Structure formats: structure tokens, C-alpha cells
Amino acid sequence: MTAFKAGLIQTNVSNEMAENVAFLREQAKLARDAGADFIMTPENTGLIGANRTETLAKAQTEEEHAMLAACRASARDTGAWFLLGSIHVRVPGEEQIRNRSYLIDSSGGIVASYDKIHMFDVQLAGGESYRESSTFKPGEKAVLAETPWGVLGMTICYDLRFPYLYRELAHAGATMLAIPSSFTVPTGQAHWHTLMRARAIETGCFVFAPAQVGTHKGSNRKTYGHSVAVAPWGEVIADAGGEKAGFVIADVDMAKIEEARKMVPSLTHDRKYAAPALHKTAIAKAAE
């Protein structure tokens, strides 16, 4: 199958799971009615807690997680594939929780899961700060998964800033990259579209980045929105904007991957080289 429609759901989640489940179920049906074959949701689809204590308290195990169950049910009901961008998963015996993404097939089966590797520990201008490593246990492995349209490399949000991960995924067979996100407004305005386009261009892959948007009830966190799909040559083929929750449909032609990689076959041009060495003084004196 060389063509399909991707449906990127843009959410404005609260800190109440039931509200977010209801919105997801509604939007998934609407996206499927609009033709989506593969429906994707952002990072933190289940909820965004008011603080670390609430986030830890409201995390659920994989077996009991209401949002995971809802996405599996929506897949069965609609016959679409789903990427559940991420939810907060409690693993028995672990103090920290996991920020985990799931690929779900059209029968509701879990094909693969991925735990976010890179933790968003930053101090932004204006006093806005985050320390994900205090709440979440980092993942330790990259993940590829088969879909009816190609091989998907699974990542989450802050992973975006580590290009070697995406190159390794592409070398391992990825033709699509998922980057579900909850980007802050300042970093989104500065870097979002540039980085998403760069990851697509560097790898010759389609990039899909469903995102959170707006001010989130219960936490007052603000996110950038602009759920995007980017083609392998770097064109933004869908953008949900930065104003409201909903969904956007992207028409995906997988033939564009071979086309882009044939024009600039950089994935075949890697070379080994020595580690960088710092030269503090002249290696040889200039001729007298």
C-alpha cells in the first residue's frame, strides 16, 4: 500500500482522565469518518497533572489504563490503526512512572510500545522550568514497528532534539517517524517546525507529530499545538494550527520516500571518522 490518510488528533487535555477519554473517542470517530486510516494522538494523551504528586498519583498500570483501553476500543470500532502518542504508565515495583507510546492495529491489538528515552530537564526564560527525570524513568531502547504502509520509528517529544536517534531508526528500516509531543510555547515558536522538517529531510522519512495545544485545565500548563505531518523532502503537508483542539488529515504518498532518497541518498554516504580532537596550540611552528 503506497498511499493512506493520516489523522493527527490535537488535544487540550485536562488533569481528569474521563474528560480526555471522551474527547479522544469523539475525535477518533470524526477522523475516521474523514477518511483517516492511521489515527495518532499527542504525548500525554491521558492527562497532564497539576504537579509531580498528582501525576504520580493518577498514573495507571498498563492493564487498567483507561486511555489505552479507549484507544484499543476505538481501533476496533473504526477499523483504523492507532498511535497512542503517550500515557503515564505505572510499573509495579518502580517509584518513577513511564512515559509510554503504543502502536495499536485495527483489531485493537498492541503491536509495539516505546518508553521515552530523553528527559525534558530544562530551565526556560521567564522562570518556566521542567524536570521530567524526577517523575519519569527513561526508556533504554529504540523501537521500530511494522504497519500496513511501512516501518514506523517510535519516539516522543524531547527525543526530537537528538538527531542520531532518527538516523539510526532510518538506517534500521524506518520510513515513517512518530514524534507525539507536548511542546512548550516558547520552544515551539522558536524550534518546532524547523526541527520537524530537519528530521524528515535528514532521514528521507515521513514525520508525524500530533501535539497538545492551549492552556490545560487543572495544570495551567500552556502548549504550542501545530500538529504537523512532514514529507521526506521537507514539505509540511498538514498543520493543525496553534489555536484549538481537533484533528487534521494528511494525504500520505509513500512513493515520496524513494523519490527523496534517490535525489539525495545521504543515508548511503555515512563514513567512519576519528573522534574529534581539540587543538589548543599550533601543531607546527610557521616557517621563519
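Author: The conversation below takes up helix contacts, then cavities, then a pocket.

Reader: Before that, what kind of model is it, and which atoms count?

Author: This is a predicted model, in which local features need pLDDT of at least 70 and side-chain atom pairs count only at pLDDT 80 or more, while totals for chains, interfaces and linings use all residues. Residues are numbered from 1 along each chain as its sequence is written, and side-chain values use heavy atoms, with hydrogens and water left out.

Reader: How do helix 1 and helix 3 cross?

Author: The axes of helix 1 (residues 17-33) and helix 3 (residues 66-78) come within 10 Å and cross at roughly 20 degrees. Axes are lines fitted to C-alpha atoms, for helices over the stretch in contact, and angles run from 0 to 180 degrees between N-to-C directions. Helices (H or I, at least four residues) and strands (E, at least two) are DSSP runs, numbered from the N terminus.

Reader: Which orientation class does that give?

Author: The two helices are therefore roughly parallel to each other; the classes are under 35 degrees for roughly parallel, over 145 for roughly antiparallel, 65 to 115 for roughly perpendicular, and oblique for the rest.

Reader: Which residues make the contact?

Author: Helix 1 contributes Met17, Asn20, Val21, Leu24, Arg25, Ala28 and Arg32, and helix 3 contributes Ala66, Met67, Ala70, Cys71, Ala73, Ser74, Asp77 and Thr78. Contact means heavy atoms within 4.5 Å. By class there are 9 nonpolar, 3 polar and 3 charged residues. Ala, Val, Leu, Ile, Met, Phe, Trp, Tyr, Cys and Pro count as nonpolar, Asp, Glu, Lys and Arg as charged, and the others, Gly among them, as polar.

Reader: And what about helix 4 and helix 5?

Author: The axes of helix 4 (residues 163-171) and helix 5 (residues 185-203) come within 9 Å, crossing at roughly 35 degrees. Pro163, Tyr166, Arg167 and Ala170 of helix 4 meet Arg199, Glu202 and Thr203 of helix 5.

Reader: Changing topic: how many cavities are there?

Author: There are 2 cavities of 30 Å³ or more. On a 1 Å grid over the protein atoms alone, a cavity is a set of points where a 1.4 Å probe fits but cannot get out, and a pocket is an open set with protein on both sides within 12 Å along at least five of seven lines; lining residues have an atom within 4 Å of a point.

Reader: What is known of the largest cavity?

Author: Its volume is about 90 Å³. Of its 13 lining residues, Phe120, Cys157, Ser182, Phe183 and Thr184 are the closest to the centre. The lining has 4 nonpolar, 4 polar and 5 charged residues.

Reader: Where does the largest pocket lie?

Author: Gly49, Asn51, Thr55, Tyr130 and Arg221 lie nearest its centre, among 19 lining residues. The largest pocket holds about 400 Å³ of space. Strand 7 gives the most to this lining, with 3 residues.

Note on methods:
Points joined across faces, edges and corners; volume = space filled by probe spheres on them.
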